[in-house]
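Please open the model in your viewer and keep the sequence panel beside it, so that each selection can be followed in both.

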Amino acid sequence: MAELFVDVGGTRVFVDDRGSRSTAVLYVHGGPGQGSYDLTASVGDLLSRHVRLVAVDQRGALRSDPLPAEPPLTRELLIADFEAVRRELGIERWVLLGHSAGAPVVLEYAVAHPDAVSAVIFSCPTFDADLTDRHRLPVAAKRLRELGDEEGAVLCEEIAARPDHLSPADGAREAMQRLGEHYLELFFHDADGQERYLRLMRDSELTDEQRERGMSHLPLIEPMYRSTLGLLPRLRQPHLLVHGIDDLVAAPAMISAYRQTAQGAQVVTLAASGHFPHVEEPEAFAAVVLELVAGLD
């Protein structure tokens, strides 16, 4: 395993490069600003026995250098950074693995640079945060009501019922965060999976300052509400969507649109996962990734 920094136009990004196989897989994290540590710490070794896994903390996030003031942070800039990393590492083509908010990034990447991408895996994707919010707000409302916060429950239901396309200004995230310490429950299949994730992050050597760097990616929340579903028919590489059965981010309407519009759509549902299947069911998640990769030979 090699940990290195790659210069990408005025800043450096942290890269975890492990495994020596000919097929390379680029992991694109979500969050926005999550960083790649939770993926590499949970399935990094499982995957790198069979592929070359390249996990990047996007510019400004986690172990990468703090985000420069300029240029503005955009998906296009992130894609340019990934291309710089690919060239620096001497990789001709790679498989893209995008989690959550990283999924629309890899979708745009695959469409814009088809010659650099051999396949695409969408893990618990959010192609349209409007659909995500409308799916999970009622679940948050039910939990808030159970906890005695009727005002918060009514607010979540009211936002979910608004007729216009939702945006960050509607305050869905803030409404759901009234759950406080129970907010994380929305992201996991059960308490064991949540504890596994929390323990993994507690046991890391990441500093509080590094974790706070993810806040610099808040400008990427607004683009999450611009649907990228319209790009799915333009995918030309092999691809699949994997999600946990209790994932509230990859809304059923989103998965249905993927099935209907992406040629050759494949959907894999993991039965004991929520939004972090690579942490909750690492062996099963790794098997899904490696099966797709094996089919490329």
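How do the residues of the lining of the largest pocket divide into nonpolar, polar and charged? They divide into 17 nonpolar, eleven polar and five charged, where Ala, Val, Leu, Ile, Met, Phe, Trp, Tyr, Cys and Pro count as nonpolar, Asp, Glu, Lys and Arg as charged, and the others, Gly among them, as polar.

Before going on, note that this is a predicted model, in which local features need pLDDT of at least 70 and side-chain atom pairs count only at pLDDT 80 or more, while totals for chains, interfaces and linings use all residues. Residues are numbered from 1 along each chain as its sequence is written, and side-chain values use heavy atoms, with hydrogens and water left out.

**Stop 1: the pockets**

Rolling a probe the size of a water molecule over the atoms shows where empty space is left. Here the search runs on a 1 Å grid over the protein atoms alone: a cavity is a set of points where a 1.4 Å probe fits but cannot get out, a pocket is an open set with protein on both sides within 12 Å along at least five of seven lines, and lining residues have an atom within 4 Å of a point. Grid points are joined across faces, edges and corners, and a volume is the space filled by probe spheres set on the points.

The largest pocket holds about 970 Å³ of space. Select Gly-31, Pro-32, Gln-34, Arg-173 and Tyr-197, which are the closest to its centre among the 33 residues that line this pocket. Next colour the helices α4 (129-146), α6 (172-176), α7 (191-202) and α8 (208-212), each of which supplies at least two residues of that lining; helices (H or I, at least four residues) and strands (E, at least two) are DSSP runs, numbered from the N terminus. The most is given by α4, with four residues.

Move on to the second largest pocket, with about 180 Å³ of space. Of its 13 lining residues, the closest to the centre are Val-139, Arg-143, Glu-185, Leu-186 and Phe-188. Helix α4 supplies the largest share of this lining too, four residues, and by class the lining has five nonpolar, two polar and six charged residues.

**Stop 2: the cavity**

The structure holds one cavity of 30 Å³ or more, and the volume of the largest cavity is about 90 Å³. To find this cavity, select Pro-32, Leu-78, Ala-101, Val-105 and Leu-220, the closest to its centre of the 13 residues in the lining. Helices α2 (75-89) and α3 (102-112) each supply at least two of the lining residues.

**Stop 3: the sheet**

Now show the strands: eight of them form an open sheet in the order β1-β2-β4-β3-β5-β6-β7-β8, with mixed pairing. Two strands pair if DSSP finds at least two bridges between them. The edge strands, β1 (2-7) and β8 (267-270), each pair on one side only.

Select β3 (residues 24-28) and β4 (residues 52-57), which pair in the parallel sense over five bridges, and look for Val-25, which stands opposite Leu-53 in β4. By contrast, β1 and β2 run antiparallel and are joined by six bridges, with Phe-14 in β2 as the bridge partner of Phe-5. These two strands form a hairpin with four residues between them, and Gly-9 in the turn has a positive phi of about 70°.

**Stop 4**

The contact (heavy atoms within 4.5 Å) is made by Tyr-37, Asp-38, Ala-41 and Ser-42 of α1 and by Tyr-197, Leu-200 and Met-201 of α7.

**Stop 5: backbone details**

Return to Pro-32, in the loop between β3 and α1, where the peptide bond from Gly-31 to Pro-32 is cis, with omega near -10°. Another cis peptide bond joins Glu-70 and Pro-71, with omega about 0°, and Pro-71 has its place in the loop between β4 and α2. Finish at Leu-62, found in the loop between β4 and α2, which has a positive phi of about 50° although it is not a glycine.
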